[in-house]
Amino acid sequence: MEFAELIKTPRADNVVLHRPFYLAVEGTLCLTGHHLIFSSRRQDNAEELWLLHSNIDSIEKRFVGSLGTIIIKCKDLRIIQLDIPGMEECLNIASSIEALSTLDSVTLMYPFFYRPMFEIVEDGWRSFLPDQEFELLSSVTDEWRLSCINKEFSVCPSYPPVVVVPKSIDDEALRKVAMFRHGSRFPVLSYYHKKNGMVMMRSSQPLTGTNGRRCKEDEKLINATLRPGKRGYIIDTRSLNVAQQARAKGGGFEQEAHYPQWRRIHKCIERFNILQESLIKLVEACNDQSHNMDRWLSKLEASNWLTHIKEILTAACLAAQCIDREGASVLVHGTEGTDSTLQVTSLAQIILDPRCRTIRGFESLVVREWLQAGHPFQQRCAQSAYSNSKQKWEAPVFLLFLDCVWQILRQFPCSFEFNEQFLIMLFEHAYASQFGTFLGNNENERSKLKLPQKTMSLWSWVNRSEELSKFQNPLFEANSLVIWPSVAPQSLQLWEGVFLRWNRPSKFLDEAHEEMINIIKYNKELQAKVNALRRQLAEMETDDRMQENL
Amino acid sequence: FHTFFMLQVENVKLLDRYTNRKAANGTLYLTATHLIYVDASAEVRKETWILHHHIATVEKLPLTTAGYPLLIHCKNFHVAHFVIGQERDCHEVYTSLLKLSQPVKPEELYAFSYNPKTSKENREIGWKLIDLKVDYQRMGIPNNYWEITDVNKDYEVCNTYPPEIVVPRAANKAVVVGSSRFRSRGRIPVLSYLYKGNNAAICRCSQPLSGFSARCLEDEQMLQAIREANPGSPFMYVVDTRPKLNAMANRAAGKGYENEDNYDNIRFKFIGIENIHVMRNSLQKLLEVCEMKSPSMSDFLTGLENSGWLRHIKAVMDAGVFLAKAVKDEKASVLVHCSDGWDRTAQVCSLASLLLDPFYRTFKGFMVLIEKEWIAMGHKFSHRCGHLDGDPKEVSPVFTQFVECVWQLMQQFPCTFEFNERFLLEIHDHVYSCQFGNFLGTCHKEREDLKICEKTHSLWPFLLQKKQELRNPLYRGFTAYKELQPNTLPFSFQFWCGMYNRFDKGMHPKQCVLDHLLSCMSQKMKLEDNASELENKLPFLDGPLPSEACSLSKVGRAASKTPMLNTPQDYEGEPTPVLSNGTSAGDIDVTSDVDQKYKENLSHHRDLHDLNDAIDVLDSEAKDGKPQHH
């Protein structure tokens with residue numbers, strides 16, 4: 001397919017761009033295969049807006065006489081308005097945008113066409129390989145092994161080719177366990193807690209069904225992670241009720257009788273359309289410009305967004321608590337093990353592992369626990385808060401995770417190497433990007449699409465010093481401790497950086513941030529100066545002494 | 001020392017209502033001024049001090065297995081839940097506290113016995129620190145249009161106003177006196193703030209005694225004089241901060257609001273801020289929400305909404321913004337009143353000044369603002385704060401709301417205030433503490449009768465001494481920002497956890513950016529001294545600084561000064577301990593305490609070294625390539 005076929009009017013002049021808190025600008029609008037480009041072309045103050053078509057969540061058009069207006073709502077929650085003279089031009093442009101923003105073939109997406117303008121220092125596709133991770137693990141324990149059982153994605157389509165499993169369990173047993181778990185997602189290692197050797201594993205639900213099927217190998221596998229005489233915890237991210245209902249569909253949960261060494265705790269993390277509805281309601285509340293406090297608070301409450309945040313964080317804290325405080329191993333799963341499970345396992349690692357609070361460590365976490373673990377990004381992030389499609393598979397699971405990270409960051413502002421902007425950047429790229437990182441639903445699909453060969457990795461771009469400096473937290477001081485966030489409602493806030501980003505001017509907050517950076521930077525320079533002076537003085541004194549000795 | 005204690009009770013538990021940890025066990029003492037609780041179970045001596053004046057309510061709760069509970073609510077939102085072993089003891093503490101927390105005579109207030117051991121001269125200098133005349137001078141008053149008059153020197157015009165007030169020159173004594181007879185309690189229109197940029201003024205008064213049809217020529221002349229003092233505008237606003245319905249109801253009592261037909265060129269406007277009773281109830285509801293034991297998000301947000309608190313805060317802010325806009329953008333003077341003109345009027349006028357004038361966002365300026373709009377103009381602190389045993393219906397968080405509005409502004413404009421949140425909390429504490437004379441009584445005359453200046457101390461010098469910890473490190477200086485235009489959309493207002501859940505430390509961020517930046521500021525001063533000292537020692541300097549030195553500059557002083565309060569809380573939500581396989585809740589606490597101690601050791605360890613030493617340590621570490629133990 002040629003993009004040109006979809007673009008009947010590639011360019012329109014005298015278009016007026018409206019954005020909140022900016023003066024309207026007149027300029028030229030151009031459509032390309034992947035971008036909507038607006039340029040003011042003014043000599044004194046040229047302004048350009050580049051918008052990826054894939055970032056467009058929905059568009060609306062209105063006409064007053066021959067003046068058409070297109071309102072574009074983006075997946076990053078921004079809303080812009082374009083006034084386009086000429087009804088035909090406007091209709092053409094609107095239909096082009098509609099078509100280009102809803103391309104159904106992945107290979108037509110921008111990452112397959114994007115050519116980077118920067119020098120690639122490090123290929124992000126190779127930055128976080130499972131073998132490297134496993135090497136780190138091997139240096140502290142020999143109880144685990146890398147299994148290549150899934151090399152051709154033949155055992156579990158949503159798992160990566162290699163997974164970490166207990167050494168004592170062979171591939172033959174794994175195959176049997178895979179038959180017993182939803183989507184073949186057998187329990188694999190998610191995190192090893194160096195401090196006490198306890199582990200967190202994740203999987204999908206066991207397929208016990210109504211007649212309580214069991215699988216000896218499954219029991220053996222997860223028992224292999226227990227210390228003699230110790231019990232472990234299974235954190236089921238579903239309520240007991242939901243878990244019980246799952247049995248009717250062949251799913252279920254681990255019964256006490258068959259897993260006597262495990263204690264099951266049910267948490268209640270919502271899924272799918274409930275989360276998408278929540279996002280839609282929240283964004284609608286944030287965009288409501290009426291000046292009524294009661295309405296705002298009741299809409300905020302009714303969106304349930306912060307309720308979800310609290311639930312997810314609580315479950316993650318519980319998992320972390322079992323591992324660090326109880327000295328117990330943990331298995332986390334929900335139904336498929338691709339959504340709430342990953343929220344819990346990844347957040348627990350941020351609480352427990354200081355490495356995950358560094359930039360590289362966090363990237364590695366996202367790669368391990370989200371991309372390789374098979375969170376279906378392409379489905380979940382197909383649409384955002386303005387979508388009308390209401391597809392069951394769309395859900396802001398990853399955004400909720402990022403929001404939870406932000407909540408912890410807000411409570412421990414000095415313990416993270418990255419700042420809020422880093423999280424916002426990941427949110428944007430998960431929904432629309434020039435990079436291939438978040439394309440596809442799992443490693444299997446990514447490998448079929450040959451993403452590493454055909455597209456650029458987000459990490460190749462981010463991990464260059466020019467970009468990194470934007471994402472560094474000036475307050476960071478490595479903190480090797482476990483960090484326990486508060487989950488009291490008073491401690492959780494609306495993530496303004498995402499949800500109010502386009503609804504209020506940020507000038508004064510940006511200035512405060514700048515000021516903070518300056519204070520810290522100045523101190524560091526001063527410190528460096530003092531150190532240098534002191535060294536100089538010391539050298540001079542030594543010289544003097546040597547001369548005296550001569 | 002023990003003779004100071006009026007009462008001493010052993011074996012008292014202090015429950016922590018937020019975390020599920022084991023209750024502390026210790027001794028409770030009552031002194032003439034404080035309740036002191038000493039935790040004996042902790043390895044580090046931990047004391048909780050509660051000023052008797054801060055106690056709002058004391059309740060005896062039904063007997064529990066642990067003993068006799070005594071619940072104390074403080075005016076600074078501290079909630080202390082004690083459990084006392086013996087009923088007799090509990091009752092004795094209860095009755096003593098009732099008496100001690102509600103003095104009958106003003107002379108019994110702490111300020112009259114508080115003795116910071118400063119000289120008489122210093123005390124006097126302290127009281128002279130804030131001179132309102134200087135502030136009027138700053139506004140350019142007296143000038144052609146405005147004068148400072150002592151027409152009220154014997155409180156003949158208005159006994160709740162100060163002796164000196166600012167009125168239009170054109171309003172002669174007859175007009176002033178005439179107008180005072182037409183205003184509730186004689187509170188005539190006087191100047192609150194003059195915006196030098198365009199001569200528009202903010203004036204304040206009480207409601208007119210207009211009833212359904214009464215009018216007063218002098219009052220009309222007074223308003224005309226105010227309007228004409230701003231020749232740049234053909235009209236002035238008259239703002240009634242009450243809801244229209246309330247104002248109309250007042251007409252039946254011979255009070256009410258200005259009839260636009262009787263006054264030349266006024267634009268009359270209602271801004272519906274609710275009365276003191278609504279505000280008191282609203283705060284009560286808010287506090288109930290804050291005190292809920294493990295509420296769900298929904299419980300909390302619904303409770304927050306139902307309390308109406310943020311709606312009221314927004315109403316006050318909206319009114320302040322309206323005033324500031326009228327003055328700055330429309331260049332029109334504004335006359336503001338409510339009923340008596342000492343609650344809502346004080347809130348709105350002081351907020352507008354704060355928005356218009358960066359001076360009021362400095363330490364000194366904020367003190368001036370409070371002295372001027374609240375203390376001098378007769379906000380009835382004594383009644384609103386319940387300093388003395390009195391009518392509980394007079395108590396209302398009017399000043400608290402003002403303080404919160406300032407905090408909300410700080411959230412939106414983090415670089416525009418010289419002071420930080422703690423300054424607000426300190427002031428709020430002392431409005432209730434009665435430790436200083438500033439907020440005693442209800443008006444200037446009463447404080448004069450109490451001989452406040454001779455018998456008590458002023459709060460302001462005390463706060464200025466603590467300036468280093470109360471300053472805002474992000475402040476960009478007096479000239480960086482002029483007028484502020486806050487966003488008043490509902491989402492711009494946040495729940496102020498630092499005020500209403502201030503004593504629930506577990507809810508606050510575990511690392512404090514403010515502390516971090518403040519320690520940067522003090523470190524900066526030391527480093528600058530160091531640098532100049534070293535530069536003097538070195539005869540010459542050349543070449544660029546070695547770049548590797550940068551990596552040595554991360555001296556973790558900031559973090560060491562602020563140990564994290566960081567332990568897991570109840571994440572299971574259910575009262576039954578789910579994690580009870582062999583490990584009791586108490587054991588969890590032990591481990592957390594160990595962690596805490598480890599951290600404290602760490603910070604002590606680091607504190608042992610002077611900053612210079614710390615640098616040396618890092619230097620030597622860098623040379624040897626491995627850490628050294630000290």
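The side chains of B:Arg183 and B:Glu258 are joined by a polar contact of 2.8 Å, where a polar contact is a pair of N or O atoms within 3.5 Å, one of which, within protein, must be able to donate a hydrogen and the other to accept it, residues adjacent in sequence counting only if both atoms are side-chain atoms. This is a predicted model, in which local features need pLDDT of at least 70 and side-chain atom pairs count only at pLDDT 80 or more, whereas totals for chains, interfaces and linings use all residues. Residues are numbered from 1 along each chain as its sequence is written, chains are lettered from A and ligands numbered from 1 in the order in which they are written, and side-chain values use heavy atoms, with hydrogens and water left out.

B:Arg183 lies in the loop between helix 4 (173-181) and strand 10 (190-195) of chain B; helices (H or I, at least four residues) and strands (E, at least two) are DSSP runs numbered from the N terminus. With a relative accessible area of 1%, B:Arg183 is buried, the term meaning under 20% relative accessible area, while exposed means over 50% and partly exposed the range in between (1.4 Å probe, protein chains only).

Most residues other than glycine have a negative phi, and most peptide bonds are trans. A:Asn304, although not a glycine, has a positive phi of about 65 degrees; A:Asn304 sits in the loop between helix 8 (293-303) and helix 9 (305-324) of chain A and is partly exposed, with a relative accessible area of 30%. In chain B, B:Cys434 is likewise not a glycine and has a positive phi of about 60 degrees; its place is the loop between helix 14 (421-433) and helix 15 (444-449), and B:Cys434 counts as buried at 1% relative accessibility. A cis peptide bond, with omega about 5 degrees, joins B:Ile141 and B:Pro142, and B:Pro142 belongs to the loop between helix 3 (132-138) and strand 8 (146-149) of chain B.

The chain totals are set out below. Contact here means heavy atoms within 4.5 Å, and accessible areas come from the Shrake-Rupley method with a 1.4 Å probe, only the protein chains shown counting as cover for residues.

| Property | Chain A | Chain B |
|---|---|---|
| DSSP elements | 20 helices, 14 strands | 23 helices, 14 strands |
| Buried residues | 61% of 550 residues | 57% of 630 residues |
| Accessible surface | about 22000 Å² | about 27300 Å² |
| Share of carbon and sulfur atoms in that surface | 51% | 52% |

Chain A, with its 20 helices and 14 strands, has a radius of gyration of 26 Å, close to the 24 Å that the globule rule gives for 550 residues, so it is as compact as a globular protein of that length; the radius is taken over C-alpha atoms, and the rule is 2.2 Å times the number of residues to the power 0.38. Along the principal axes, the C-alpha atoms of chain A fill a box of roughly 90 × 75 × 50 Å.
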